[in-house]
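User: Could you take a close look at one helix for me and walk me through what you find?

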Amino acid sequence: MPASATSATGTGSASDHRATRAALDEVVKGGPPGGIAVAERGHDTWAGRAGTADLATGRQPRADDRFRAGSITKTFVATVVLQLEAEGKLSLDDTVDHWLPGVVRGNGHDGNRITVRQLLNHTSGIYSYTDDEGFKRKAFGTGFLRHRYDTWTPERIVRIAMSHRPNFDPGDEWRYSDTNYILAGMVIRKATGHSYAHEIEQRILRPLHMDSTTLPGTRSRVPGPSGRTYSKLTGELSGPGKPGDPTYDVTDLNPSLAGSAGEIISNSRDLNRFYRALLSGGLLEPRQLEEMTTTVPIRGVPSVSYGLGLMKVKLSCDVEVWGHNGGIQGSVSDTVTTADGDHALTFNFNGDWNVQQQPVVEAEFCGR
């Protein structure tokens, strides 16, 4: 049954976050069952919630709940690649074929013409496997119910992408492609001899004491504390849902379908810690951070540009924030921080339909 929104509650000054509270409530009224948000500024922390985390029990969301963070994984992957560049183990100008000979081939794709940089900033032109109709039926339609525990290897995923024509010639345009980050994960393994998950754990999670963050591989459950997640299984990730459409519990799934493009599980406080450390220079050398924050425009969206696994968004109040959003079955998330890492916000909704994320960001950083 659909959940009705409950008032967002939290700790800290109500006047400081009144708009953020209201924005959480508004999103939940129009779609997902519940949401949580944690904002940090300096040494102050505020947490808010709306709705319910579990339709069966009525459990309320908690600030320390873990959730699938989807494409927020991409910032972690890009950070590892940039650390490897600083260590001289690879170059952003290396071709994909240098590391993965023969993998990007077919239907006009050519790994000799695509660089690692173009994978990370989505200018490679490589087709996104998540746009493939067969994949969408199994992953985002009701076929998910039969295929939710399937294992998807990176090689199988890339073969799906290679069965389609490229979106454009390398470097000509920008278009988001999850295949780019599946390939980036494969490059990390070739360059280090270890999985991207191992490198993220050793280089980021342990040093930052991100104890609530995991890369589950093929494990289907979300560790507690956590709520349940829901989808309308419309055939499109984050597609619109109608009030009469069935709501499915999609909490348990094999996250290999997202892999290095979106498998990470975390919570709001861990993600705030990561992005604050990243933007304030705690994870990358200055030259690599400059590379990461060098952006390319997104056609038709002048307020947003994309760096290396990192988005820059100019808000209506002229504040610029950096971060990434993430969507996976039943879970929609966003993490953003100011350029100095001082003011950060992470939020998650436990339903993947009718989620408008930008108003929550505007509310926190612009007060409206």
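Analyst: Happy to! Helix H10 covers residues 268–279, 12 residues in total, and spans 17 Å from its first C-alpha to its last, close to the expected 16 Å. That expectation is 1.5 Å times one less than the number of residues. Helices here are DSSP runs of H or I with at least four residues, numbered from the N terminus.

A word on the source: this is a predicted model, where local features need pLDDT of at least 70 and side-chain atom pairs count only at pLDDT 80 or more, while totals for chains, interfaces and linings use all residues. Residues are numbered from 1 along each chain as its sequence is written, and side-chain values use heavy atoms, with hydrogens and water left out.

Because 10 of its 12 residues are buried, H10 is largely enclosed by the rest of the structure. Buried means under 20% relative accessible area, exposed over 50%, and partly exposed in between, with a 1.4 Å probe and protein chains only. The buried residues are Ser268, Asp270, Leu271, Asn272, Phe274, Tyr275, Arg276, Ala277, Leu278 and Leu279. Just after H10, glycine 281 has a positive phi of about 90°.

For contrast, you could look at arginine 137, which lies in helix H5 (residues 133–139). With 56% relative accessibility, arginine 137 counts as exposed. Leaving aside residues up to four places away in sequence, arginine 137 touches Thr142, Gly143 and Phe144, where contact means heavy atoms within 4.5 Å. Its C-alpha is also 9.0 Å from that of threonine 234, although 97 residues separate arginine 137 and threonine 234 along the chain.

Terms used: Helices (H or I, at least four residues) and strands (E, at least two) are DSSP runs, numbered from the N terminus.
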